[in-house]
Amino acid sequence: MAALLSVENVTRRFGGVVALDGVSFDVPAGEIVGLIGPNGAGKTTAFNVITRLYRPDEGRIVFDGHDLLRTPVHRVVKRGVARTFQNVALWPTLSVLDNVKIGAQARRGVRSAEELLEYVGLSGLAHRPAAGLPFGTLKRVELARALASGPQLLLLDEPAGGLNHEEVGELGRFIQQLRADFDATVLLVEHHMNLVMGISDRVYVLNFGRLISGGTPQEVQRDPAVIEAYLGDASAAA
Amino acid sequence: MTAFRYALRVFGFVLFVAIVVYLPFRISDFRASEFALIGIYFIAILGLNVLTGYTGVISLGHGAFMALGAYTTAILVADHGMRDLWTIPLAGLLAAAAGAAFGLPALRLSGPYLALTTFGVAVATPIVIKKFDGLTGGSGGINLFEAEGITGLPEFIVTLPGGKVLSFNDWLYYLAWTIALVLFAVAWAIHHSHFGRSLRAIRDNEIAAAASGVWLASHKTLAFSISAFYAGVAGSLLAIWAFSVQPGAFPVDRSIALLVGLAVGGLGSLAPLAAGAAFLVFLPQLAQGISKAPGVPAVIYGAVLIALMIVLPMGVGGLLRWITGPLTSRLYPRS
(Lines give C-alpha, C1' and ligand atoms only; values in the text may rest on other atoms or scores of the structure.)
Protein backbone atom coordinates (compact mmCIF):
# COMPACT_ATOMS: atom_id res chain seq x y z
CA MET A 1 0.00 0.00 0.00
CA ALA A 2 1.30 3.45 -0.88
CA ALA A 3 2.35 5.56 2.07
CA LEU A 4 0.26 8.63 2.83
CA LEU A 5 3.22 10.19 4.60
CA SER A 6 6.86 9.45 3.91
CA VAL A 7 9.57 10.85 6.12
CA GLU A 8 12.81 10.37 4.22
CA ASN A 9 16.21 10.64 5.82
CA VAL A 10 15.30 13.66 7.94
CA THR A 11 17.94 15.30 10.12
CA ARG A 12 17.37 18.22 12.46
CA ARG A 13 20.03 19.70 14.69
CA PHE A 14 19.71 22.23 17.50
CA GLY A 15 23.21 23.60 17.93
CA GLY A 16 25.28 20.55 18.79
CA VAL A 17 22.31 18.34 19.61
CA VAL A 18 21.09 16.09 16.82
CA ALA A 19 17.37 15.82 17.58
CA LEU A 20 16.63 13.75 14.47
CA ASP A 21 19.40 11.84 12.79
CA GLY A 22 18.60 10.54 9.31
CA VAL A 23 15.13 9.32 10.28
CA SER A 24 12.98 7.60 7.69
CA PHE A 25 9.55 6.05 8.13
CA ASP A 26 6.29 5.58 6.26
CA VAL A 27 2.73 6.08 7.43
CA PRO A 28 0.38 4.04 5.21
CA ALA A 29 -3.09 5.43 4.54
CA GLY A 30 -5.75 4.26 6.96
CA GLU A 31 -3.41 2.92 9.63
CA ILE A 32 -2.81 3.94 13.20
CA VAL A 33 0.92 4.33 13.57
CA GLY A 34 2.64 4.74 16.92
CA LEU A 35 5.85 6.71 17.37
CA ILE A 36 7.50 5.86 20.67
CA GLY A 37 10.80 6.36 22.43
CA PRO A 38 12.26 7.51 25.73
CA ASN A 39 12.19 11.18 26.71
CA GLY A 40 14.22 13.36 24.38
CA ALA A 41 14.20 10.75 21.60
CA GLY A 42 12.94 13.28 19.04
CA LYS A 43 9.26 12.36 18.79
CA THR A 44 7.87 15.87 19.19
CA THR A 45 10.63 17.23 16.96
CA ALA A 46 9.43 14.80 14.30
CA PHE A 47 5.92 16.24 14.65
CA ASN A 48 7.23 19.78 14.45
CA VAL A 49 9.18 18.97 11.31
CA ILE A 50 6.21 17.30 9.65
CA THR A 51 3.94 20.27 10.45
CA ARG A 52 6.66 22.69 9.27
CA LEU A 53 7.16 24.44 12.60
CA TYR A 54 10.81 23.38 12.23
CA ARG A 55 12.72 23.15 8.99
CA PRO A 56 14.82 20.00 8.80
CA ASP A 57 18.50 20.41 7.99
CA GLU A 58 18.34 17.46 5.61
CA GLY A 59 15.80 15.09 4.18
CA ARG A 60 12.42 15.10 2.53
CA ILE A 61 8.83 14.80 3.70
CA VAL A 62 6.25 13.67 1.19
CA PHE A 63 2.57 13.79 2.00
CA ASP A 64 -0.03 12.54 -0.45
CA GLY A 65 2.35 13.13 -3.35
CA HIS A 66 3.30 16.67 -2.26
CA ASP A 67 6.68 17.78 -0.98
CA LEU A 68 5.67 19.17 2.41
CA LEU A 69 8.90 21.12 2.74
CA ARG A 70 7.70 23.34 -0.10
CA THR A 71 4.46 23.94 1.77
CA PRO A 72 4.40 27.01 4.05
CA VAL A 73 3.45 26.27 7.66
CA HIS A 74 -0.06 27.73 7.37
CA ARG A 75 -0.84 25.60 4.30
CA VAL A 76 0.01 22.29 5.95
CA VAL A 77 -3.49 22.10 7.43
CA LYS A 78 -5.03 22.88 4.06
CA ARG A 79 -3.06 19.96 2.60
CA GLY A 80 -4.76 17.72 5.15
CA VAL A 81 -2.38 17.37 8.10
CA ALA A 82 -3.73 18.42 11.49
CA ARG A 83 -2.15 17.98 14.90
CA THR A 84 -2.55 18.32 18.62
CA PHE A 85 0.17 19.50 20.98
CA GLN A 86 1.75 17.72 23.92
CA ASN A 87 1.09 20.61 26.31
CA VAL A 88 -2.04 21.88 24.57
CA ALA A 89 -1.81 24.96 22.37
CA LEU A 90 -5.23 26.59 22.42
CA TRP A 91 -6.34 30.22 22.52
CA PRO A 92 -7.37 30.84 26.13
CA THR A 93 -9.44 33.99 25.62
CA LEU A 94 -11.44 32.52 22.73
CA SER A 95 -14.51 30.47 23.45
CA VAL A 96 -14.28 26.70 23.14
CA LEU A 97 -16.44 26.90 20.02
CA ASP A 98 -14.26 29.61 18.44
CA ASN A 99 -11.21 27.49 19.12
CA VAL A 100 -12.74 24.69 17.10
CA LYS A 101 -14.04 27.05 14.41
CA ILE A 102 -10.53 28.23 13.61
CA GLY A 103 -9.67 24.66 12.71
CA ALA A 104 -12.59 24.65 10.28
CA GLN A 105 -11.59 28.00 8.76
CA ALA A 106 -8.49 26.58 7.12
CA ARG A 107 -10.24 23.66 5.48
CA ARG A 108 -13.74 22.60 6.13
CA GLY A 109 -14.23 19.09 7.43
CA VAL A 110 -17.36 17.07 6.91
CA ARG A 111 -18.70 18.07 10.30
CA SER A 112 -19.34 21.52 11.69
CA ALA A 113 -17.56 22.87 14.76
CA GLU A 114 -20.77 22.39 16.77
CA GLU A 115 -21.06 18.74 15.69
CA LEU A 116 -17.45 18.13 16.61
CA LEU A 117 -17.93 19.53 20.09
CA GLU A 118 -20.84 17.14 20.39
CA TYR A 119 -18.59 14.33 19.13
CA VAL A 120 -15.97 14.95 21.80
CA GLY A 121 -18.70 15.50 24.38
CA LEU A 122 -18.17 19.20 25.08
CA SER A 123 -21.31 20.84 23.67
CA GLY A 124 -22.15 22.30 27.05
CA LEU A 125 -18.93 24.28 27.15
CA ALA A 126 -19.20 25.81 23.67
CA HIS A 127 -19.46 29.43 24.81
CA ARG A 128 -17.04 29.24 27.73
CA PRO A 129 -13.56 30.67 27.26
CA ALA A 130 -10.95 27.96 26.98
CA ALA A 131 -8.98 29.49 29.86
CA GLY A 132 -9.37 27.67 33.14
CA LEU A 133 -10.77 24.39 31.80
CA PRO A 134 -9.17 21.16 33.03
CA PHE A 135 -6.27 19.73 31.05
CA GLY A 136 -8.15 16.66 29.85
CA THR A 137 -10.98 18.87 28.59
CA LEU A 138 -8.54 21.11 26.75
CA LYS A 139 -7.06 18.04 25.07
CA ARG A 140 -10.51 17.18 23.75
CA VAL A 141 -11.00 20.74 22.49
CA GLU A 142 -7.70 20.46 20.66
CA LEU A 143 -8.76 17.17 19.14
CA ALA A 144 -12.02 18.73 17.96
CA ARG A 145 -10.09 21.62 16.46
CA ALA A 146 -7.82 19.23 14.58
CA LEU A 147 -10.80 17.21 13.32
CA ALA A 148 -12.59 20.38 12.19
CA SER A 149 -10.16 20.74 9.31
CA GLY A 150 -11.17 17.31 8.03
CA PRO A 151 -7.61 15.96 8.10
CA GLN A 152 -6.40 12.97 6.13
CA LEU A 153 -3.57 12.63 8.61
CA LEU A 154 -4.04 13.34 12.29
CA LEU A 155 -0.95 13.79 14.46
CA LEU A 156 -1.67 13.20 18.14
CA ASP A 157 1.06 14.26 20.57
CA GLU A 158 0.58 12.35 23.82
CA PRO A 159 -3.22 12.29 23.85
CA ALA A 160 -3.20 10.17 27.02
CA GLY A 161 -1.22 12.74 29.00
CA GLY A 162 -2.89 13.34 32.36
CA LEU A 163 -5.47 10.55 31.97
CA ASN A 164 -6.06 7.78 34.49
CA HIS A 165 -5.94 4.07 33.69
CA GLU A 166 -9.63 3.77 32.87
CA GLU A 167 -9.65 6.87 30.70
CA VAL A 168 -6.68 5.60 28.69
CA GLY A 169 -8.65 2.51 27.71
CA GLU A 170 -11.53 4.71 26.68
CA LEU A 171 -9.18 6.93 24.65
CA GLY A 172 -7.88 3.89 22.76
CA ARG A 173 -11.38 2.92 21.67
CA PHE A 174 -12.09 6.55 20.85
CA ILE A 175 -9.08 6.85 18.53
CA GLN A 176 -10.06 3.65 16.72
CA GLN A 177 -13.62 4.88 16.38
CA LEU A 178 -12.38 8.23 15.14
CA ARG A 179 -10.31 6.60 12.42
CA ALA A 180 -13.46 4.90 11.17
CA ASP A 181 -15.72 7.94 11.52
CA PHE A 182 -13.40 10.42 9.87
CA ASP A 183 -11.60 8.11 7.47
CA ALA A 184 -8.35 9.44 8.89
CA THR A 185 -4.85 8.10 9.25
CA VAL A 186 -3.37 8.56 12.71
CA LEU A 187 0.23 9.11 13.77
CA LEU A 188 0.48 8.87 17.51
CA VAL A 189 3.24 9.93 19.88
CA GLU A 190 2.58 8.34 23.24
CA HIS A 191 4.36 7.20 26.37
CA HIS A 192 1.54 4.96 27.44
CA MET A 193 2.73 1.60 26.10
CA ASN A 194 -0.50 -0.32 26.60
CA LEU A 195 -2.32 2.25 24.53
CA VAL A 196 0.22 2.34 21.69
CA MET A 197 0.64 -1.43 21.51
CA GLY A 198 -3.09 -1.97 21.82
CA ILE A 199 -4.31 0.17 18.95
CA SER A 200 -1.37 0.66 16.55
CA ASP A 201 -1.08 -1.24 13.28
CA ARG A 202 2.59 -0.34 13.20
CA VAL A 203 5.05 1.14 15.67
CA TYR A 204 8.31 3.03 15.13
CA VAL A 205 10.83 3.53 17.90
CA LEU A 206 13.13 6.53 18.22
CA ASN A 207 16.11 6.76 20.55
CA PHE A 208 18.49 9.72 20.70
CA GLY A 209 17.18 10.94 17.37
CA ARG A 210 17.67 7.68 15.53
CA LEU A 211 15.06 5.23 14.36
CA ILE A 212 16.04 1.99 16.07
CA SER A 213 13.10 -0.22 15.26
CA GLY A 214 9.86 -0.46 13.33
CA GLY A 215 7.18 -3.05 12.69
CA THR A 216 4.06 -4.52 14.20
CA PRO A 217 3.62 -4.01 17.95
CA GLN A 218 4.62 -7.65 18.58
CA GLU A 219 7.80 -7.36 16.51
CA VAL A 220 8.82 -4.13 18.19
CA GLN A 221 8.20 -5.47 21.69
CA ARG A 222 10.52 -8.42 21.03
CA ASP A 223 13.25 -6.29 19.43
CA PRO A 224 16.35 -6.38 21.69
CA ALA A 225 17.32 -2.83 20.58
CA VAL A 226 14.00 -1.54 21.88
CA ILE A 227 14.28 -3.40 25.17
CA GLU A 228 17.76 -2.01 25.62
CA ALA A 229 16.63 1.55 24.89
CA TYR A 230 13.91 1.36 27.48
CA LEU A 231 15.48 -0.84 30.14
CA GLY A 232 19.16 -0.30 29.59
CA ASP A 233 21.50 -3.10 28.52
CA ALA A 234 19.41 -6.25 28.07
CA SER A 235 22.25 -8.65 28.88
CA ALA A 236 23.02 -6.73 32.05
CA ALA A 237 19.36 -6.84 33.04
CA ALA A 238 19.25 -10.58 32.43
CA MET B 1 -23.89 33.96 20.00
CA THR B 2 -27.36 33.24 21.17
CA ALA B 3 -30.28 35.15 19.69
CA PHE B 4 -30.90 36.89 22.99
CA ARG B 5 -27.36 38.18 23.24
CA TYR B 6 -27.48 39.23 19.61
CA ALA B 7 -30.65 41.23 20.24
CA LEU B 8 -29.01 42.79 23.29
CA ARG B 9 -26.05 43.92 21.18
CA VAL B 10 -28.29 45.41 18.50
CA PHE B 11 -30.28 47.22 21.18
CA GLY B 12 -27.08 48.53 22.72
CA PHE B 13 -25.88 49.82 19.37
CA VAL B 14 -29.20 51.56 18.64
CA LEU B 15 -29.06 53.17 22.08
CA PHE B 16 -25.50 54.29 21.42
CA VAL B 17 -26.54 55.85 18.10
CA ALA B 18 -29.50 57.56 19.73
CA ILE B 19 -27.28 59.10 22.40
CA VAL B 20 -24.82 60.29 19.77
CA VAL B 21 -27.60 61.90 17.71
CA TYR B 22 -29.27 63.53 20.69
CA LEU B 23 -26.22 64.82 22.58
CA PRO B 24 -25.74 68.15 20.70
CA PHE B 25 -29.26 69.12 21.72
CA ARG B 26 -28.20 69.00 25.36
CA ILE B 27 -24.69 70.45 25.36
CA SER B 28 -23.14 73.83 24.61
CA ASP B 29 -21.46 74.68 21.35
CA PHE B 30 -18.06 74.49 23.00
CA ARG B 31 -18.81 71.04 24.39
CA ALA B 32 -19.89 69.90 20.92
CA SER B 33 -16.40 70.72 19.70
CA GLU B 34 -14.91 68.65 22.53
CA PHE B 35 -17.19 65.73 21.82
CA ALA B 36 -16.23 65.92 18.15
CA LEU B 37 -12.63 65.49 19.29
CA ILE B 38 -13.68 62.48 21.37
CA GLY B 39 -15.24 60.99 18.23
CA ILE B 40 -11.97 61.52 16.37
CA TYR B 41 -9.93 59.81 19.12
CA PHE B 42 -12.52 57.05 19.25
CA ILE B 43 -11.84 56.29 15.58
CA ALA B 44 -8.08 56.19 16.09
CA ILE B 45 -8.42 53.98 19.17
CA LEU B 46 -10.83 51.61 17.41
CA GLY B 47 -8.17 51.18 14.75
CA LEU B 48 -5.36 50.65 17.22
CA ASN B 49 -7.56 48.06 18.91
CA VAL B 50 -7.59 45.93 15.73
CA LEU B 51 -3.81 45.82 15.91
CA THR B 52 -3.03 45.85 19.62
CA GLY B 53 -6.28 44.62 21.16
CA TYR B 54 -6.96 41.75 18.75
CA THR B 55 -3.62 40.88 17.20
CA GLY B 56 -1.49 41.69 20.25
CA VAL B 57 0.95 43.79 18.23
CA ILE B 58 1.91 46.97 20.09
CA SER B 59 2.41 50.12 18.04
CA LEU B 60 3.94 53.21 19.63
CA GLY B 61 3.76 55.05 16.34
CA HIS B 62 0.16 55.42 15.25
CA GLY B 63 0.39 59.19 15.67
CA ALA B 64 2.51 59.06 12.50
CA PHE B 65 -0.42 57.60 10.53
CA MET B 66 -2.67 60.28 11.99
CA ALA B 67 -0.17 62.88 10.80
CA LEU B 68 -0.16 61.33 7.35
CA GLY B 69 -3.95 61.51 7.21
CA ALA B 70 -4.01 65.07 8.54
CA TYR B 71 -1.44 66.32 6.02
CA THR B 72 -3.14 64.50 3.16
CA THR B 73 -6.34 66.37 3.90
CA ALA B 74 -4.62 69.72 4.55
CA ILE B 75 -2.55 69.58 1.37
CA LEU B 76 -5.44 68.47 -0.83
CA VAL B 77 -7.80 71.08 0.62
CA ALA B 78 -5.38 74.02 0.84
CA ASP B 79 -3.26 73.48 -2.26
CA HIS B 80 -5.56 71.60 -4.60
CA GLY B 81 -8.88 73.09 -3.67
CA MET B 82 -10.43 69.72 -2.92
CA ARG B 83 -13.55 69.43 -0.86
CA ASP B 84 -12.62 68.29 2.68
CA LEU B 85 -15.13 65.43 2.78
CA TRP B 86 -13.59 63.66 -0.20
CA THR B 87 -10.14 63.81 1.30
CA ILE B 88 -11.20 61.76 4.33
CA PRO B 89 -11.31 58.36 2.58
CA LEU B 90 -8.19 59.27 0.59
CA ALA B 91 -6.35 60.06 3.81
CA GLY B 92 -7.44 56.71 5.21
CA LEU B 93 -6.37 54.78 2.14
CA LEU B 94 -3.00 56.50 1.95
CA ALA B 95 -2.37 55.71 5.61
CA ALA B 96 -3.47 52.12 5.01
CA ALA B 97 -0.99 51.79 2.16
CA ALA B 98 1.74 53.29 4.33
CA GLY B 99 0.75 50.91 7.12
CA ALA B 100 1.05 47.90 4.82
CA ALA B 101 4.37 49.13 3.44
CA PHE B 102 5.73 49.62 6.94
CA GLY B 103 4.13 46.50 8.38
CA LEU B 104 5.37 44.07 5.75
CA PRO B 105 9.04 44.27 6.77
CA ALA B 106 8.54 45.43 10.36
CA LEU B 107 6.19 42.63 11.39
CA ARG B 108 9.00 40.12 11.04
CA LEU B 109 10.23 41.60 14.32
CA SER B 110 8.78 40.28 17.53
CA GLY B 111 7.08 42.18 20.36
CA PRO B 112 9.40 44.76 21.94
CA TYR B 113 11.59 45.15 18.84
CA LEU B 114 8.59 45.95 16.69
CA ALA B 115 7.28 48.37 19.31
CA LEU B 116 10.63 50.19 19.29
CA THR B 117 10.57 50.38 15.49
CA THR B 118 7.14 52.01 15.55
CA PHE B 119 8.41 54.30 18.31
CA GLY B 120 11.20 55.39 15.99
CA VAL B 121 8.62 56.32 13.37
CA ALA B 122 6.74 58.41 15.93
CA VAL B 123 9.92 60.22 16.99
CA ALA B 124 10.91 60.95 13.39
CA THR B 125 7.48 62.14 12.25
CA PRO B 126 7.65 65.87 13.22
CA ILE B 127 11.19 66.12 11.89
CA VAL B 128 10.33 64.48 8.59
CA ILE B 129 7.33 66.81 8.21
CA LYS B 130 9.55 69.85 8.75
CA LYS B 131 12.12 68.51 6.30
CA PHE B 132 9.65 68.46 3.40
CA ASP B 133 8.56 72.06 3.98
CA GLY B 134 7.74 72.66 0.32
CA LEU B 135 4.85 70.22 0.65
CA THR B 136 4.01 70.52 4.34
CA GLY B 137 4.66 74.19 5.10
CA GLY B 138 7.49 73.31 7.49
CA SER B 139 7.21 74.33 11.14
CA GLY B 140 4.33 76.70 10.46
CA GLY B 141 2.17 73.96 9.01
CA ILE B 142 -0.84 74.56 6.79
CA ASN B 143 -3.71 76.85 7.64
CA LEU B 144 -7.20 75.95 6.43
CA PHE B 145 -9.10 79.00 7.67
CA GLU B 146 -9.22 80.57 4.23
CA ALA B 147 -9.66 77.31 2.34
CA GLU B 148 -12.69 77.01 0.09
CA GLY B 149 -13.02 73.29 0.55
CA ILE B 150 -13.95 73.26 4.25
CA THR B 151 -17.60 72.36 4.30
CA GLY B 152 -19.75 74.98 5.99
CA LEU B 153 -17.13 77.62 6.69
CA PRO B 154 -17.24 80.47 7.54
CA GLU B 155 -20.77 80.13 8.82
CA PHE B 156 -22.60 76.87 9.13
CA ILE B 157 -25.83 77.60 10.86
CA VAL B 158 -28.96 75.62 10.19
CA THR B 159 -32.07 76.03 12.28
CA LEU B 160 -33.89 72.76 12.79
CA PRO B 161 -37.73 72.67 12.98
CA GLY B 162 -37.57 72.29 16.76
CA GLY B 163 -35.66 75.55 17.12
CA LYS B 164 -32.25 73.93 17.62
CA VAL B 165 -29.49 75.84 15.88
CA LEU B 166 -26.81 73.64 14.31
CA SER B 167 -23.46 75.41 14.55
CA PHE B 168 -20.21 74.60 12.82
CA ASN B 169 -19.10 72.69 15.90
CA ASP B 170 -22.28 70.64 15.75
CA TRP B 171 -21.45 69.91 12.13
CA LEU B 172 -17.95 68.73 13.13
CA TYR B 173 -19.51 66.64 15.86
CA TYR B 174 -21.93 64.90 13.51
CA LEU B 175 -19.25 64.45 10.86
CA ALA B 176 -16.82 62.84 13.31
CA TRP B 177 -19.42 60.67 15.00
CA THR B 178 -21.12 59.52 11.80
CA ILE B 179 -17.77 58.25 10.55
CA ALA B 180 -16.97 56.89 14.01
CA LEU B 181 -20.20 54.89 14.12
CA VAL B 182 -19.68 53.49 10.63
CA LEU B 183 -16.12 52.48 11.49
CA PHE B 184 -17.37 51.12 14.82
CA ALA B 185 -19.75 48.85 12.89
CA VAL B 186 -16.87 47.81 10.65
CA ALA B 187 -14.74 47.00 13.71
CA TRP B 188 -17.63 44.96 15.11
CA ALA B 189 -17.88 43.05 11.83
CA ILE B 190 -14.13 42.41 11.91
CA HIS B 191 -14.42 41.18 15.50
CA HIS B 192 -17.00 38.58 14.50
CA SER B 193 -15.45 37.55 11.19
CA HIS B 194 -13.13 34.62 10.49
CA PHE B 195 -10.40 37.22 10.05
CA GLY B 196 -11.01 38.77 13.47
CA ARG B 197 -11.10 35.36 15.12
CA SER B 198 -7.78 34.52 13.49
CA LEU B 199 -6.27 37.79 14.75
CA ARG B 200 -7.28 36.95 18.30
CA ALA B 201 -5.82 33.48 17.82
CA ILE B 202 -2.52 35.08 16.78
CA ARG B 203 -2.58 37.18 19.94
CA ASP B 204 -3.27 34.21 22.19
CA ASN B 205 -0.84 31.73 20.61
CA GLU B 206 1.01 32.39 17.38
CA ILE B 207 2.37 28.91 16.89
CA ALA B 208 -1.00 27.27 17.36
CA ALA B 209 -2.50 29.78 14.94
CA ALA B 210 0.09 29.04 12.27
CA ALA B 211 -0.29 25.30 12.80
CA SER B 212 -4.06 25.70 12.40
CA GLY B 213 -3.74 27.38 9.04
CA VAL B 214 -3.54 31.07 9.90
CA TRP B 215 -1.04 32.86 7.67
CA LEU B 216 0.68 35.08 10.22
CA ALA B 217 2.39 37.54 7.86
CA SER B 218 -0.70 38.36 5.82
CA HIS B 219 -2.97 38.64 8.84
CA LYS B 220 -0.61 40.87 10.78
CA THR B 221 0.09 43.10 7.81
CA LEU B 222 -3.59 43.47 7.05
CA ALA B 223 -4.31 44.25 10.71
CA PHE B 224 -1.57 46.86 10.65
CA SER B 225 -2.97 48.35 7.47
CA ILE B 226 -6.54 48.47 8.77
CA SER B 227 -5.44 50.17 11.98
CA ALA B 228 -3.43 52.69 9.94
CA PHE B 229 -6.56 53.36 7.86
CA TYR B 230 -8.47 54.26 11.02
CA ALA B 231 -5.60 56.48 12.18
CA GLY B 232 -5.48 58.20 8.79
CA VAL B 233 -9.20 58.94 8.88
CA ALA B 234 -8.87 60.26 12.43
CA GLY B 235 -5.94 62.45 11.39
CA SER B 236 -7.90 63.82 8.45
CA LEU B 237 -10.79 64.73 10.75
CA LEU B 238 -8.36 66.29 13.20
CA ALA B 239 -7.07 68.61 10.45
CA ILE B 240 -10.64 69.64 9.59
CA TRP B 241 -11.49 70.04 13.27
CA ALA B 242 -8.47 72.28 13.94
CA PHE B 243 -8.58 74.11 10.58
CA SER B 244 -4.86 73.53 10.43
CA VAL B 245 -1.97 71.09 10.72
CA GLN B 246 1.43 71.62 12.31
CA PRO B 247 4.28 69.20 12.95
CA GLY B 248 3.96 70.08 16.64
CA ALA B 249 0.50 68.51 16.67
CA PHE B 250 2.03 65.06 16.17
CA PRO B 251 4.62 64.54 18.87
CA VAL B 252 5.42 61.11 20.32
CA ASP B 253 2.87 61.86 23.06
CA ARG B 254 0.09 61.59 20.49
CA SER B 255 0.99 57.96 19.76
CA ILE B 256 1.33 57.14 23.43
CA ALA B 257 -2.01 58.85 24.15
CA LEU B 258 -3.73 56.46 21.73
CA LEU B 259 -2.35 53.50 23.66
CA VAL B 260 -3.45 55.10 26.93
CA GLY B 261 -6.96 55.58 25.52
CA LEU B 262 -6.99 51.97 24.37
CA ALA B 263 -5.86 50.67 27.76
CA VAL B 264 -8.39 52.80 29.63
CA GLY B 265 -11.19 51.74 27.28
CA GLY B 266 -10.10 48.11 27.49
CA LEU B 267 -8.04 46.10 25.02
CA GLY B 268 -10.25 44.01 22.80
CA SER B 269 -13.40 45.93 23.77
CA LEU B 270 -15.36 48.04 21.27
CA ALA B 271 -17.96 50.50 22.58
CA PRO B 272 -16.08 51.08 25.87
CA LEU B 273 -13.20 52.48 23.82
CA ALA B 274 -15.29 55.67 23.56
CA ALA B 275 -14.68 56.04 27.30
CA GLY B 276 -10.96 55.82 26.60
CA ALA B 277 -11.31 58.59 24.01
CA ALA B 278 -13.27 60.74 26.49
CA PHE B 279 -10.54 60.11 29.04
CA LEU B 280 -7.94 61.54 26.64
CA VAL B 281 -9.96 64.71 26.16
CA PHE B 282 -11.30 65.32 29.64
CA LEU B 283 -8.62 64.15 32.05
CA PRO B 284 -6.07 66.85 31.08
CA GLN B 285 -8.82 69.44 31.61
CA LEU B 286 -9.76 67.93 34.92
CA ALA B 287 -6.12 67.99 36.01
CA GLN B 288 -5.84 71.64 34.93
CA GLY B 289 -8.98 72.38 36.88
CA ILE B 290 -7.46 71.09 40.10
CA SER B 291 -4.27 73.10 39.81
CA LYS B 292 -2.51 75.04 37.09
CA ALA B 293 0.85 75.12 38.91
CA PRO B 294 3.71 73.99 36.63
CA GLY B 295 3.98 70.22 36.45
CA VAL B 296 1.04 69.53 38.71
CA PRO B 297 -1.53 68.67 35.98
CA ALA B 298 0.92 66.16 34.49
CA VAL B 299 1.42 64.52 37.88
CA ILE B 300 -2.33 64.33 38.44
CA TYR B 301 -2.76 62.83 34.96
CA GLY B 302 -0.12 60.23 35.71
CA ALA B 303 -1.48 59.45 39.16
CA VAL B 304 -5.01 58.99 37.88
CA LEU B 305 -3.76 56.74 35.11
CA ILE B 306 -1.79 54.57 37.54
CA ALA B 307 -4.74 54.37 39.91
CA LEU B 308 -7.06 53.46 37.05
CA MET B 309 -4.82 50.68 35.80
CA ILE B 310 -4.63 49.23 39.31
CA VAL B 311 -8.39 49.37 39.83
CA LEU B 312 -9.37 48.53 36.24
CA PRO B 313 -6.55 46.52 34.68
CA MET B 314 -8.86 45.50 31.82
CA GLY B 315 -10.15 49.03 31.34
CA VAL B 316 -13.73 50.18 31.25
CA GLY B 317 -14.59 47.30 28.91
CA GLY B 318 -13.26 44.82 31.45
CA LEU B 319 -15.38 46.44 34.16
CA LEU B 320 -18.50 46.14 32.02
CA ARG B 321 -17.74 42.50 31.23
CA TRP B 322 -17.26 41.88 34.93
CA ILE B 323 -20.61 43.48 35.74
CA THR B 324 -22.53 41.63 33.04
CA GLY B 325 -20.47 38.44 33.21
CA PRO B 326 -22.05 36.61 36.15
CA LEU B 327 -25.49 37.28 34.68
CA THR B 328 -24.85 36.13 31.14
CA SER B 329 -22.87 33.07 32.12
CA ARG B 330 -25.99 31.74 33.79
CA LEU B 331 -27.46 31.39 30.32
CA TYR B 332 -24.97 28.67 29.50
CA PRO B 333 -25.37 25.14 30.73
CA ARG B 334 -22.57 24.07 33.03
CA SER B 335 -21.00 20.68 32.68
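Mentor: Two strands are said to pair if DSSP finds at least two bridges between them. Strands are DSSP runs of E with at least two residues, helices are runs of H or I with at least four, and both are numbered from the N terminus. The model is predicted, with local features needing pLDDT of at least 70 and side-chain atom pairs pLDDT 80 or more, while totals for chains, interfaces and linings use all residues. Residues are numbered from 1 along each chain as its sequence is written, with chains lettered from A and ligands numbered from 1 in the order in which they are written.

Trainee: What makes β4(A) and β5(A) a pair?

Mentor: DSSP finds 2 bridges between β4(A) and β5(A), in the antiparallel sense. The rule asks for at least two, so the pair qualifies. In one of the bridges, Val62(A) has Asp67(A) in β5(A) as its partner. The hairpin of these strands has 2 residues between them, and Asp64(A) takes a positive phi near 50 degrees there.

Trainee: How do you know which strands are the edges of the open sheet?

Mentor: The sheet has 4 strands in the order β2-β1-β4-β5 (chain A), with antiparallel pairing. β2 (17-28) and β5 (66-67) of chain A each pair on one side only, which makes them the edge strands. Strand β1 (residues 3-14) and strand β4 (residues 58-63) of chain A are joined antiparallel by 5 bridges. Ser6(A) has Val62(A) as its bridge partner in β4(A), and Glu8(A) stands opposite Arg60(A).

Trainee: What makes β9(A) and β10(A) a hairpin?

Mentor: Strand β9 (residues 202-207) and strand β10 (residues 210-215) of chain A run antiparallel and are joined by 5 bridges. The hairpin has 2 residues between the strands, and Phe208(A) in the turn has a positive phi of about 50 degrees. Asn207(A) stands opposite Arg210(A) in β10(A).

Trainee: Why is the radius of gyration of chain A said to agree with a compact globule?

Mentor: The radius is taken over C-alpha atoms, and the globule rule is 2.2 Å times the number of residues to the power 0.38. For 238 residues the rule gives a value near 18 Å; chain A has 18 Å, so the two agree. The C-alpha trace of chain A spans about 55 × 40 × 35 Å along its principal axes. Chain A comes to 10 helices and 10 strands.

Trainee: How do you know where α12(B) bends?

Mentor: The bend at a residue is the angle between axes fitted to the seven residues ending there and the seven starting there. At Phe282(B) this angle is about 35 degrees, and Pro284(B) follows within four residues. Even so, α12 (residues 273-290), with 18 residues, reaches 25 Å from its first C-alpha to its last, close to the expected 26 Å. The expected span is 1.5 Å times one less than the number of residues.
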